[in-house]
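Look at the model first, then read on.

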Amino acid sequence: MNELKQTLSFLLLQILQKDYSNEIKHVDLQPTRKEFEGDLTYTVFPLIKITRKAPELLGQEIGEKLLATAPDLVEKFNVIKGFLNISIRKGYFLSKLIERYKSGHWVSKTAEPQHIMVEYSSPNTNKPLHLGHIRNCLLGWSVSRLYEAIGHTVYRVQIINDRGIHICKSMVAWQKFANGATPASTGIKGDHFVGDYYVLFEKEYKRQVSELVQQGLPEEIAKEQAPIMREAREMLLRWEQNDPTTLELWNKMNSWVYEGFDRTYARLGVNFHKNYYESQTFLLGRDIVQKGLEKGIFYKKDDGSVWIDLTADGLDHKLLLRRDGTSVYITQDIGTAVARFEEFPIKKLIYTVANEQDYHFKVLFLILKKLGYSWADHLYHLSYGMVELPHGRMKSREGTVVDADDLLDEMEKTSAELTAQFGKAEGLPEEEKRHLYTAIGHGALKYFILKVDPRKKMIFNPEESIDFNGHTGPFIQYTHARISSLLHRAESVSIPNVSIVLNEEEFNLLKSLMLFSDTVHKAADEYNPSELANYLYEVARLYNSMYQKHSILTAESGEKRQLRVFLSDCTRIILSQGLDLLGIKAPERM
């Protein structure tokens, strides 16, 4: 459609400059609103001052000139008040679709390809990945795939929070309660195994605090003096002092977690070009802050701590180095950002992080800009809303988080039950059934999450996500499988006659297919996979409308059969490629 808009804009501009004013330098066309007839609309109101003509008369005049200038492109027009609605000949759309089909290039490439880095996931090593991580991973992965589809080179990274008091809590609990148990000896996946001890720590900590309160201590003091918390703090101190025994346990438990993470990432179908570890990056940034202090960008308080005053920018004072000279999170993030731009030839860096950190990234980006880094204008926070379940928020410390693996298991189980109930896997070999259950279950989960605008908070409902007839991934997957089956029976696909008369359902589908490239670009430009997800649903809906109203293989004529089989194959290709950009498999049989 962008190509069509450019062509029509050029023709209109020539008419307007020749017949009205050379001062007109730009023509803006918009898609015609659904309630009106037409494909593209031009608003004539800006010309009223120049021509001193009524908008309806002016629209009629311009429409007639356009029709006379490009009769092979423009079929007809109508004017509603000051809006000139232009209908394009159906053969134009069909000829352009045939061009894309023959070339195999369904998404146009950007004129200025860049190297872009996308950070996502970034978990803690004291617990397994959960539902919130799933939304994070799916958004980061899909945005990176969208950028690749339009021609950019993308580097996918994560930073793993592998140090701090929360890690030591799991380590202390394992020492106290595990009796030497390991993931291998218990058969528990490594990240779940370590996460269980984090929950155990919190339960024991609460018990000890309650006991101390009953003995007469104020709650705040009890929280400080609880023996198990004191042990965790002592362990953190030993870690910071590079105590060999502590480091050995730390490395061992982290290795269990990483093995578990890798298995979950493999199930989700996401990966990374590089992992960053906070234990290796937390010292980065201190030298940069020191240089900023020397330049007067930062200031030092009497206690020796280093800050920046951002009140003139509508923000606050921000701590950068503690009084003992140690780093805080934002210091690390400053150093890591600089290191990434030095290590990779990137022009843009996208952080996929929940909206709870909106303020943090405003401060980070502003500081980097004040430090003089030219690339600071090309940092973007892909801020997304939290994911909740129908019964409310999840809480890690209470062990009420929905683990990613448990959710994937549940989706596969539900998929198997519903697929059997509707008889959609009859006749398939058992191994192919298992692959199908995984594809449908994971596709339902991914689509349900990605169809929501990232900026919005969402409630994930597993049952609603897997409806074969709803606004779901399985509905789109089933449409793809239906078309694959039809094409197998059709045996061959031929190029249709561009002059063939199209009915309403054929033309609506044809127009939607022509929007694929524009939609991928829009989704990438807006960091919003929901644009593509909802587009694919619309394509599947329009295809099913044509399928239900008009016979395809036994069409009323050979020409119509040829056209509908061709449209079917184009739909199959676009659904397959579009789902792939969302990380969803497109089964050929269901």
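## A four-stranded sheet

Two strands count as paired if DSSP finds at least two bridges between them. The model is predicted. On that criterion, four of its strands make an open sheet, ordered β1-β2-β4-β3. The pairing is antiparallel. β1 (29-31) and β3 (74-80) are the edge strands, and each pairs on one side only. Neighbouring strands are turned against each other by 30° on average, direction ignored.

β1 and strand β2 (residues 40-43) run antiparallel and are joined by three bridges. L29 has Y42 in β2 as its bridge partner. A helix covers part of this sheet: α3 (residues 55-69) lies across β2, β3 and β4 (83-88). Helix α3 runs at about 175° to β3.

## A three-stranded sheet

A second open sheet has three strands, in the order β8-β9-β10. Here too the pairing is antiparallel. The edges are β8 (299-300) and β10 (317-321), each pairing on one side only.

Four bridges hold the antiparallel pairing of β9 (residues 306-309) with β10. V306 has L321 of β10 as its bridge partner. Helix α13 (residues 286-294) lies across β8, β9 and β10. The angle between α13 and β10 is about 125°.

## Helix α17

How far apart are the end C-alpha atoms of α17? The helix covers residues 430-450, which is 21 residues. At 1.5 Å a residue it should span 30 Å, and its end C-alpha atoms are 30 Å apart, which agrees.

Is α17 enclosed or open? Of its 21 residues, 15 are buried, so α17 is largely enclosed by the rest of the structure.

## α5 against α17

Two packed helices are described by the angle between their axes and the distance between the axes. For helix α5 (residues 131-149) and α17, the axes come within 10 Å. They cross at roughly 80°. Angles of 65 to 115 degrees count as roughly perpendicular, and α5 and α17 are therefore roughly perpendicular to each other.

Which residues make the contact? On the α5 side they are L131, I134, R135, L138, L139 and S142. On the α17 side they are L445, K446, I449 and L450. By class, the contact residues of α5 and α17 divide into seven nonpolar, one polar and two charged.

K451 sits in the loop between α17 and β14 (458-459). Is K451 buried or exposed? Its relative accessibility is 18%. The cut-off for buried is under 20%, so K451 counts as buried.

Which residues does K451 touch, leaving aside neighbours within four places in sequence? K451 is in contact with H471, S530, A533 and N534. H471 is 20 residues from K451 in sequence. In space, the two are 9.1 Å apart, C-alpha to C-alpha.

## The whole chain

The protein chain has 23 helices and 14 strands. Its C-alpha atoms fill a box of roughly 90 × 70 × 45 Å, taken along the principal axes. Of its 590 residues, 54% count as buried.

Contacts can also be sorted by separation in sequence. Among those in the chain between residues at least 6 apart, 72% join residues at least 24 apart.

Technical notes:
Residues numbered from 1 in each chain as written. Predicted model: local features only at pLDDT ≥ 70, side-chain atom pairs only at ≥ 80, totals over all residues. Heavy atoms only, no water. Helix = DSSP H or I, 4+ residues; strand = E, 2+ residues; numbered from the N terminus. Contact = heavy atoms within 4.5 Å. Axes fitted to C-alpha atoms, helices over the stretch in contact; angles between N-to-C directions. Expected span 1.5 Å × (residues − 1). Buried < 20%, exposed > 50% of the residue type's maximum accessible area, 1.4 Å probe, protein only. Parallel < 35°, antiparallel > 145°, perpendicular 65-115°, else oblique. Nonpolar A, V, L, I, M, F, W, Y, C, P; charged D, E, K, R; others polar.
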